[in-house]
Each structure stands twice: as structure tokens, then as C-alpha cells.
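Subject: Model handover and notes

Dear colleague,

Here is the model for your files. My notes follow below it.

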Amino acid sequence: MGNTAWPSAGPKPRAEEDMLQAQLSLSQALSMRRGEIGIVHLDLHGDARGLIVGWCTEMYAVAEPGQACSEFLESVNGGTGPCPSLQHLCERRPRFEVNGVLHTYASQHLQEVALSPARVVLFRRTLPRTHITELTIRGMVGEWRDLTVVSSGLMQQNLLSSLMYAGGAKAVIAPALRLEYVRASDQDLGEFFTTFYSVVYSGKVTIEEALEIACTKHTRCAYFRVHMLLYGTTPPSPFVVDVSAGAFK
């Protein structure tokens, strides 16, 4: 018996009302502070569809022994050391990621499969449900005007472009698009952004210089870049400031 999807078939496609709700919530948040803020920080995870603002869960079953179970354990290990069984895994790590998806231990039971006893372990998987996409931003034309958008999660090129072209953002700070990196831990990111905002609000440097200072001090987060439009071309073209190269020294 291999990996089995428990009755749920996974998250349903994002409903139109979810997208509209995300757009409405963003619009309300921006309009309430219009004129008072210059930076919008999006502390969200990103994937190929956009920035994740809503999650759902499904139950997922894995049976042991079996080839599928062995492959599951290998995916969990991720180079952190051998894990001989599902039971051993759940005792050590009740929460872990497999291929970027969070799994949380729920329960287990024994059942007979092909006249042989098998241990079936249930996990609760947390999956993306609602995203901020380029369509969300296009429905908010001009609402990001003159704002600097800071994203802790990866933004795809279409979302970046929409924020600047349709949204009117003057700059977007986000992880580099074409750079292999290991996402920093939450603690490292917290320290990185603390430095970044402390320098920004000192009022003595530009936003680009503040990012360079933060990247220099916190090298595990040096994959962040400033994305902005380069005017003087028709239409204005995207331009990436490579802060790691010491461009402002």
C-alpha cells in the first residue's frame, strides 16, 4: 500500500470570491493609511501562482512498509540524517515539510493490507488556497502609487511587473528572481528586516542603500534585490539594483 490521499482530493481551485476578498482587504488596508505610509510590507510566502494569503488543510495517509513510504521518508530527511520509520519520524518531528508542503502528525492505526499488518499514519497537510496575483493587482490600478513594496516571499516576474506598471509602486524589494538561494530562517529574516527598517527610518540613506547595509550585515538574507522601473525608455523597463555588488559605495 502506498501513499493514499484521504477522502479529500486536495484544495479546490481558488474561487473568484476569494480573489475579490483578497483584493478588497488590500484596498481597504491601503486606503485607511493613504498619505501616512510610504512602505507596505508583505510578510507572505510565495509560489508559482503568487503571494499566499489564505491556506487550507487536507488529510494525507502514508502506509508502512512500502516503497512509497521509503520515498516519503527520504523526502522528509532532506539531508538531516536517517529516519528508520514513520513512528520514529513522528516522535522526533511532529511537524515537517515534504517538497515544500507542511505536514503535521494527526494520528495512526494498524490495518491489514494483503494479509500483512501495516501502520497507517495520518498527516494534516497545509496547502495554499488564496493568492495575491497579477490579476489582484490589476484590479487595484494606482492604489500602490508612490509606495515601496517589501515582500519577504518570492514574487514572480508577472506580479512584480503588475505592481510597478498597473499598481504604480515606485519600487519593490523582494528575493532575486534568477538566483539560487536557501530561504533564511524566520529569525534571520526578522533580524534582517529590523536592521533594514532601522536604517530606513533614520532618514539618512535611500531605500537602496538601506537594503545594501542590511544585506551586508545579514549575509544569509543577501538574496534580496530592489526592483524598479528605469525611465527614459518607452515603455519604462524593469531594472534590478544588485545591492550585493556594492553599487552604492
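In these notes a residue is buried when its relative accessible area is under 20%, exposed when it is over 50%, and partly exposed in between, using a 1.4 Å probe and protein chains only. Cys 56, at a relative accessible area of 17%, is therefore buried. This is a predicted model, so local features need pLDDT of at least 70 and side-chain atom pairs count only at pLDDT 80 or more, while totals for chains, interfaces and linings use all residues. Residues are numbered from 1 along each chain as its sequence is written, and side-chain values use heavy atoms, with hydrogens and water left out.

Cysteines

A disulfide is taken as a pair of cysteine sulfur atoms within 2.5 Å. The count by this rule is 0. Cys 221 is in no disulfide, and the nearest cysteine sulfur, that of Cys 215, is 7.6 Å away. Cys 221 is buried, at 1% relative accessibility.

Aromatic rings

Rings of Phe, Tyr and Trp (its six-membered ring) pair if their centres lie within 6.5 Å; planes under 30 degrees apart count as stacked, over 60 as edge-to-face and the rest as tilted. This rule gives 11 aromatic pairs. In one of them, Phe 72 and Phe 123 have ring centres 5.5 Å apart and planes at 35°, so the pair is tilted. Helices (H or I, at least four residues) and strands (E, at least two) are DSSP runs, numbered from the N terminus. On that numbering the pair links distant parts of the chain, with Phe 72 in helix H2 (residues 67–77) and Phe 123 in strand E7 (residues 116–132), 51 residues apart. Phe 72 is buried, with a relative accessible area of 4%, and Phe 123 is buried at 0%.

The ring centres of Tyr 197 and Tyr 201 lie 6.1 Å apart with planes at 20°, so this pair is stacked. Which of the two is buried and which is exposed? Tyr 197 is buried, with a relative accessible area of 17%, whereas Tyr 201 is exposed, with 60%. Both tyrosines belong to a cluster linked by ring pairs, together with Phe 192, Phe 193, Phe 196, Tyr 223 and Phe 224.

A charge sits over a ring if NZ of Lys or CZ of Arg is within 6 Å of the ring centre and within 35 degrees of the ring normal. The charged end of Arg 125 sits over the ring of Tyr 60, 4.2 Å from the ring centre.

Largest pocket

Grid points are joined across faces, edges and corners, and a volume is the space filled by probe spheres set on the points. The largest pocket has a volume of about 580 Å³. Its lining has 20 residues, of which His 45, Gly 46, Glu 97, Gly 100 and Arg 183 lie nearest the centre. At least two lining residues come from each of strands E3 (46–47), E4 (50–64), E5 (95–98), E6 (101–113) and E7. Ala, Val, Leu, Ile, Met, Phe, Trp, Tyr, Cys and Pro count as nonpolar, Asp, Glu, Lys and Arg as charged, and the others, Gly among them, as polar. The lining then divides into 9 nonpolar, 7 polar and 4 charged residues.

Backbone

Most residues other than glycine have a negative phi, and most peptide bonds are trans. Glu 64 and Pro 65 are joined by a cis peptide bond, with omega about 10°. Pro 65 lies in the loop between E4 and H2 and is exposed, at 59% relative accessibility. The C-alpha atoms of Pro 65 and Arg 119 are 7.4 Å apart in space, and the two residues are 54 apart in sequence.

Asp 146 is not a glycine but has a positive phi of about 65°. The loop between helix H4 (134–138) and strand E8 (148–151) holds Asp 146, which is exposed, with a relative accessible area of 55%.

Regards

Note on methods:
On a 1 Å grid over the protein atoms alone, a cavity is a set of points where a 1.4 Å probe fits but cannot get out, and a pocket is an open set with protein on both sides within 12 Å along at least five of seven lines; lining residues have an atom within 4 Å of a point.
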